[in-house]
Amino acid sequence: MNIIAAVARKPFEDFSLEELKLDTLKADEVLVKIEGVGMCHTDIISRDQSIPVPLPMVLGHEGSGRIIEVGSKIDDLQVGDHVVLSFLSCGSCGNCLDNIPSYCHQFPEVNFAGTRRDGSHTIVDEGEKIYGNYFGQSSFATHALANRRNVIKVDKNAPLACLGPLGCGFQTGAGSVLRSMACEPDSNIVIIGGGSVGMSAVIAAKIARCRNIILVEPMSVRRKLGLEMGATHVIDPHAGPAADQVRRILPDGAQYILDNTGIPAVIEEAITYLAAHGFLGLLGSVSPEVDIKLNLTGSILKGHRVQGILEGDSDPETFIPELVQYIIDGQFPIEKLVSFYPMSEINAAIIDQHEGRCLKAILLPG
Ligand SMILES: [Zn+2]
Ligand SMILES: [Zn+2]
């Protein structure tokens with residue numbers, strides 16, 4: 001079928017809207033009409049080749065929509081189902097079998113190769129080859145093919161066009177608090193960076209009934225939103241060292257710290273206010289070459305736990321329906337985190353999100 005998609009042609013260059021042809025679906029795939037798709041930093045760094053993907057490619061990995069066709073081997077999804085598309089995994093390696101599919105041994109191959117695992121293309125234009133199957137979806141498009149493994153059926157009472165980021169960004173922030181760290185009630189958490197991932201971590205910390213939820217964020221509009229979303233304190237790192245400001249609230253340091261910035265100086269400062277036996281979760285990375293310094297004796301004496309986190313350690317098949325239930329119950333005010341743009345405005349949406357005029361842009365393919 002013919003689709004309209006935003007194509008990434010060259011690093012650092014604007015996306016272009018193009019009419020392309022989608023392959024017919026395989027037995028283990030569904031065809032989804034995309035209702036909304038989130039813009040994630042990972043899309044940008046893929047286009048710009050910090051994550052090497054073949055170009056030109058249709059990116060987009062936070063899609064939500066309705067199923068319009070179901071492959072012959074799938075018997076638990078139907079035409080008309082509302083679905084969120086998440087990352088793809090192989091389903092057969094040790095980590096997939098242990099329900100931690102974000103650490104799938106095949107993760108790069110199935111999400112970034114630009115083709116299906118059998119080498120076939122999901123975008124089948126004659127002439128120039130355009131790569132697809134990004135995160136098993138390539139959802140910067142009116143329609144996407146996705147594999148049964150990365151399609152999650154969701155409750156029809158939730159606002160469908162908003163739900164795509166549950167497949168990546170919101171799942172990452174919320175999963176870090178509710179899964180990776182599993183913060184217990186009355187614990188204290190510092191969340192560094194109040195973008196869409198950090199903000200969903202704030203919301204999750206409130207759901208987890210943390211006692212002190214401290215958001216460190218330089219933008220005043222985001223600090224204000226953080227307070228609305230459940231932060232008990234907000235800190236402006238430009239108003240003085242964050243470590244001093246955290247210590248005034250938590251003299252013994254923070255039990256949990258979640259860094260979304262990936263900035264070494266920020267992370268190294270965070271270690272100075274991590275409590276004994278505290279847990280530091282690392283989500284952000286500014287470049288694959290960046291290291292942090294960690295003092296061994298200090299870390300050992302304090303029993304510090306430092307952990308990298310991908311996709312919030314979540315199993316999308318169970319975690320996304322859980323998040324959708326929080327949305328329906330009013331505990332996850334997703335509509336306050338998103339701003340809608342027609343897909344034709346994709347390049348403006350990227351700039352607005354980068355400059356903080358919106359927290360999470362959702363593109364509407366129309
Ligand atoms: Zn796997
Ligand atoms: Zn993402």
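**Close-up views of the predicted model**

**View 1. Three bridges join strand β5 (residues 63–70) to strand β6, and the two run antiparallel.** This is a predicted model. In this pair, G65 stands opposite V83 in β6. On its other pairing, β6 is joined to strand β8 (residues 151–153) by three bridges, again in the antiparallel sense. Here L85 has V151 of β8 as its bridge partner. Which residues cover the two faces of β6? Strand β6 spans residues 82–85, with H82 and V84 on one side and V83 and L85 on the other. These four residues are all buried. In a regular strand, side chains alternate between the two faces of the sheet.

**View 2. Four cysteines hold the zinc ion (ligand 1).** The donors are the SG atoms of C90, C93, C96 and C104. They sit at 2.3 to 2.4 Å from the metal. Why is the arrangement called tetrahedral? The four donor atoms subtend angles of 102 to 118° around the zinc ion (ligand 1). Along the chain, the donors follow the spacing C-x2-C-x2-C-x7-C. One pair links distant parts of the chain: C93 and C104 are 11 residues apart. C93 lies in the loop between β6 and α2 (94–97), while C104 lies in the loop between α2 and α3 (107–112). Both C93 and C104 are buried.

**View 3. Three residues coordinate the zinc ion (ligand 2).** How many residues apart are C40 and C168? They are 128 residues apart, and the pair links distant parts of the chain. C40 is in the loop between β3 (29–38) and α1, and C168 is in the loop between β8 and α4 (169–180). Are these two cysteines buried or exposed? Buried means under 20% relative accessible area. C40 has 10% relative accessibility, so C40 counts as buried. C168 has a relative accessible area of 7%, so C168 is buried too.

**View 4. Helix α4 is largely enclosed by the rest of the structure.** Why say so? Because 11 of its 12 residues are buried. Among them are G169, F170, Q171, T172 and G173. V177, L178 and S180 are also on the buried list. Just after α4 comes A182, with a positive phi of about 45°.

**View 5. Strands β2, β1 and β4 form an open sheet, in the order β2-β1-β4.** The pairing is antiparallel. Which strands stand at the edges? They are β2 (16–21) and β4 (57–58). Each has a single partner strand, so one side of each is left without a neighbour in the sheet. Strand β1 covers residues 2–8 and pairs with β4 over two bridges. V7 has V58 of β4 as its bridge partner.

**View 6. S46 is a buried residue of helix α1.** The helix covers residues 41–47. The relative accessible area of S46 is 0%. What does S46 touch, leaving out residues up to four places away in sequence? Its contacts are I51, V53, L59 and Y134.

**View 7. Strand β12 is mostly covered and has parallel partners.** It runs over residues 254–259, and five of its six residues are buried. Four bridges join β12 to strand β9 (residues 188–192), in parallel. In this pair I192 stands opposite D259. Five bridges join β12 to strand β13 (residues 274–282), also in parallel. There, Y256 has F279 as its bridge partner. Strands of a sheet pair through backbone hydrogen bonds, either parallel or antiparallel.

**View 8. The chain is assigned two domains.** Domain 1 takes residues 2–153 + 333–364, and domain 2 takes residues 174–309. Their centres, taken over C-alpha atoms, are 30 Å apart. The contact uses 11 residues from domain 1 and 13 residues from domain 2. An unreviewed UniProt entry gives the annotation "domain: Alcohol dehydrogenase-like N-terminal" to residues 27–154. Over this stretch the chain is 13% helix and 25% strand. The end C-alpha atoms of residues 27–154 are 21 Å apart.

Methods. Residues are numbered from 1 along each chain as its sequence is written. Chains are lettered from A and ligands numbered from 1 in the order in which they are written. This is a predicted model: local features need pLDDT of at least 70, side-chain atom pairs count only at pLDDT 80 or more; totals for chains, interfaces and linings use all residues. Side-chain values use heavy atoms; hydrogens and water are left out. Buried means under 20% relative accessible area, exposed over 50%, partly exposed in between (1.4 Å probe, protein chains only). Two strands pair if DSSP finds at least two bridges between them. Donors are N, O and S atoms within 2.8 Å of the metal (3.2 Å for Na, K and Ca); water is not among the atoms, so sites may look incomplete. Four donors count as tetrahedral if all angles lie between 85 and 135 degrees; four count as square planar and six as octahedral if opposite donors are over 155 degrees apart and all others between 65 and 115; anything else is irregular. UniProt positions are given in the numbering used here, feature names are shortened, and annotations may be inferred rather than shown by experiment. Domain bounds come from an automatic or database domain assignment. Contact means heavy atoms within 4.5 Å.
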